[in-house]
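Student: I'd like to learn how to read a few local features in a model. Can we go through some together?

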Amino acid sequence: APARRARGSPRLGFSSPTLLTAAAQRALATRPTPREGASLLLSFASLGHTDAAFFEKLADDARSRLPDESAQTLATLASAAASLDQVAASTHSTSLRAASERALRAVAKEALSRRSELRPTELFTLVRAFARSEMSGHMVEPLFVSLRHHILRQLGDFSASQLVGVAWAYARSGLATTHMMRQLGDALLPRLHQVEPDMLCSFTWSLAAAQARGLPVLATLEQEILSRPGAFKRSEREAITGCFLRLGRPAPFPECVSAEHVGSEQSSTAHSAWLH
């Protein structure tokens, strides 16, 4: 019940510190399962709750019981810990950062040992969560390298938006290879028309960040973007143009070529939606 109330609070606009503290105490008293604990972590982090002791207790309880939980719970905890990591960054809380890192380390260890049972939704959620977190590259790299094979052999089962999200996660982590981006692009190519404008922007940024030049998907991506020019904001058109230039392609929006922020600086707009 506390988990359901906490999840409902953002929609209802409830973020009173007193209410949150009372709800947090009640939540801990119910001895939530790891899945419920992950849901609570996500909900309270979204509400801006900053009680380090509460988050530490939830995260530590959840991670200690991970071996007995489903892959879905594993992915949910990763997403919750990444959100907690962002709260830690915004509040400069070392204790919150420590709690989120402990949870993420436990998830990474468990994911590596159970990688063969992870399905597209869990794989997408995991890599997106770790890419959103502030964990250093040497901690993330073994997980991403290991999961790459399992992602590529299931590409046909990913949705179009999940393919874009995976590309973004690997590009943001600096672990995208041209081979991987080529395969992601090939899987996405017949479904580009299903991708929303902001996701087309994100995918373009991912290709540019990975320096994935000469891929078959680029021509179709350009055609898809040009087929709906009114769908993109000025900042997105500038970002897309900068990315195409970095990829050695003609500018899809020539009027943006001389824009002051064209290129890598403005192209960060393309991936910002995936950070939250």
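**Loops, rings and a helix residue**

Tutor: Histidine 92 sits in the loop between H5 and helix H6 (94-113); helices here are DSSP runs (H or I, at least four residues), and strands (E, at least two) likewise, numbered from the N terminus. This is a predicted model, where local features need pLDDT of at least 70, side-chain atom pairs count only at pLDDT 80 or more, and totals for chains, interfaces and linings use all residues. Residues are numbered from 1 along each chain as its sequence is written, and side-chain values use heavy atoms, leaving out hydrogens and water.

Student: What is the phi of histidine 92 near?

Tutor: Most residues other than glycine have a negative phi. Histidine 92, though, has a positive one near 55°. Glutamine 211, not a glycine either, has a positive phi of about 55°, and lies in the loop between helix H11 (197-209) and helix H12 (217-226).

Student: Is histidine 92 buried or exposed?

Tutor: Exposed, at 71% relative accessible area (buried is under 20%, exposed over 50%, partly exposed in between; 1.4 Å probe, protein chains only). Glutamine 211 is exposed too, at 64%.

Student: How many aromatic pairs are there?

Tutor: A ring pair is described by the distance of the centres and the angle of the planes. Rings of Phe, Tyr and Trp (its six-membered ring) pair if their centres lie within 6.5 Å; planes under 30 degrees apart are stacked, over 60 edge-to-face, the rest tilted. That gives four pairs. One of them, phenylalanine 144 with tyrosine 170, is tilted, at 4.7 Å centre to centre and 45° between the planes.
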